[in-house]
Amino acid sequence: MMNKRYSVLSIVAVVAVASILFGSTYSSTHAVSGSAQSVSPATIDKVTPQTIDSVTPKDVQSTGSLVFNMVGADAIPLDQVAAEQAAGRTVHQITLTAQSVDLPIPGGQMYHAMTFDGQVPGPTIRVTQGDVIEVTLNVPSTEMTGHSLDMHAARISAVPNFGPVMPGHSHTYAFIANTPGAFKYHCEGVGVIGMDQHVLSGMYGMTIVDPLNGYHKLLIQRTETQNGHVVLNNTLVDPAAYEFTLQFSQLYLNADGSYNQAYMFLHNTTWTVINGKPFGYDPVITKVWNNAPAAHDKAAPIIVPVGQHIRYFVLNQGNMPLFFHIVGGQMDRVTQGNMVQAMGTQTWNIGGSQDAIIDVVYDEPGAYVIVNHDYAAIFSGAAAVQLAQANPAPNPSDAVPPVSSVPDTSIPQQTFVHCECTNDRAAQLENMTSTSGQ
Ligand SMILES: [Cu+2]
């Protein structure tokens, strides 16, 4: 009964969104030239700064329409990438390949995953504010469906950049990463049709854009006693940190491992995942991964050195709230949008497709479990064991980002291959560097 109701709703919703985002022509009223007009991707090119200057806030309010702001935009035509490089920008040429594969879930079962490069999450991209990202999405002819790539690090027209790429084709676009943060990238399905299935089956990843001038020193505030009084003990910690990435999402599955859209509408989670795996860092709490088919699947804790600066790039890739909490810990600093939001707080609410950069120093050795402090999430997989100890130790590769190019930012870490990925992808990762994750 529910299946039928939601399938009708979903078709209506998808068609509505698809027609807005990827219809061949926009037919709503636009204020760009002061009169009603139809805007297609071809006519967007003709919007100039001069025509935008003629649009007043009142025009926008009266029509509720879009204004295409081309002034200082992130988008770069592909034939101008070389010129940007010659002018001094670093260019990152990145290729992602869509791959539908079966990946393991606890209990020796498999589910039908959709991935970038055979891993969930997709490879972490790391650049510096002001760099150019030229990204290509390959969709092999063996894929049964088209895919697409929406990069939240870009301020760039969704049409045609995020449009569908059909099997046997590829698509490239370029932009300047102007805003620092830990941004989502994800598949939008085919003109947003199937977007929920593709994303919630694993087609997501993170782009870290480091601030051009690096991260700020971290203020650690504790107390001490002096002459019979309690006084503040403030310490400024160097920006260089042991860095980790934590991406939270959900799986909504039928018993045969296929996607269940009705469960998604109901928020009826089958598994909650951190970096693609439920309980993937929890050998202490659960033995569900002990029968994992490959070494890179087995649960392994994250090791954090005591008394050191730890920086987490946290991203909510799913469609449930993330109440980020460290059991036994507090967050010394929470940054969003390169602005400090809190210092010394217990739980931080991160909505869908939002990030936070969280800085912590652990004062004493022990176990500190990262959770989504929603009990349904915790008990369906959103719990990651961290062990704080005196010395660094190799960490699971899927929890460690690439090293930053900004000086005094990343402390390189030894890693071992740990991923929600195919055996082929795990072998590729083995052959890549053993430092600084994926
Ligand atoms: Cu896709």
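1. Let's begin with a term you will need throughout: two strands pair if DSSP finds at least two bridges between them. Helices (H or I, at least four residues) and strands (E, at least two) are DSSP runs, numbered from the N terminus. With that in hand, look at strand β23 (residues 383-389), which is joined to β22 by six bridges, the two running antiparallel. In this pair, Ala367 stands opposite Leu387 of β23.

2. A word on what you are looking at. This is a predicted model, in which local features need pLDDT of at least 70 and side-chain atom pairs count only at pLDDT 80 or more, while totals for chains, interfaces and linings use all residues. Residues are numbered from 1 along each chain as its sequence is written.

3. How confident is the predictor? pLDDT is its confidence in each residue, from 0 to 100. The protein averages 86, and 80% of the residues score at least 70. Please read residues 1-71 with care: pLDDT stays under 50 there, and the model has 65 contacts beyond four places in sequence for this stretch. Two residues are in contact if their C-beta atoms, placed from the backbone, lie within 7 Å.

4. Now the overall picture. The secondary structure comes to 10 helices and 26 strands. Of the 438 residues in the protein, 43% are buried. Here a residue is buried if 20 or more other C-beta atoms lie within 10 Å of its own, exposed if 12 or fewer, and partly exposed in between, with C-beta atoms placed from the backbone. Among contacts between residues at least 6 apart in sequence, 67% join residues at least 24 apart.

5. Six strands form an open sheet with mixed pairing, in the order β14-β13-β16-β21-β18-β19. At the edges stand β14 (271-274) and β19 (339-342), each with a single partner strand, so one side of each is left without a neighbour in the sheet. From one strand to the next, the twist averages 25°; the axes are lines fitted to C-alpha atoms (for helices over the stretch in contact), and angles run from 0 to 180 degrees between N-to-C directions. Inside this sheet, β16 (residues 309-316) and β21 (residues 355-361) are antiparallel partners over seven bridges, and Val314 stands opposite Ala356 in β21.

6. There is also an open sheet of four strands, again with mixed pairing, in the order β5-β10-β9-β7. Its edge strands, β5 and β7 (150-151), each pair on one side only. Strands β9 and β10 (residues 204-210) pair in the antiparallel sense over six bridges, and the bridge partner of His186 is Tyr204 in β10. As background, strands of a sheet pair through backbone hydrogen bonds, either parallel or antiparallel.

7. Which residues have the most contacts inside the largest nonpolar core? They are Leu246, Val314 and Ala384, in a core of 92 residues. A nonpolar core is a set of buried Ala, Val, Leu, Ile, Met, Phe, Trp, Tyr and Cys residues joined through C-beta atoms within 7 Å. Domain 1 (4-210) and domain 2 (218-222 + 232-430) both give residues to this core, so the core lies between them; the domain bounds come from an automatic or database domain assignment. Leaving aside residues up to four places away in sequence, Ala384 touches Leu246, Ile274, Tyr281, Asp282, Ile302, Val369 and Ile370.

8. Most residues other than glycine have a negative phi, and most peptide bonds are trans. A cis peptide bond joins Val120 and Pro121, with omega about -5°, and Pro121 sits in the loop between β4 (119-120) and β5 (125-128). The bond from Val159 to Pro160 is cis too, with omega near 5°; Pro160 lies in helix α6 (residues 158-161).

9. Val192, with phi near 65°, is buried, with 25 other C-beta atoms within 10 Å. Asn227, with phi of about 55°, is exposed, with 5 other C-beta atoms within 10 Å. Val192 is in the loop between β9 (181-186) and α7 (195-200), while Asn227 is in the loop between β11 (218-226) and β12 (229-237).

Technical notes. pLDDT = per-residue confidence, 0-100.
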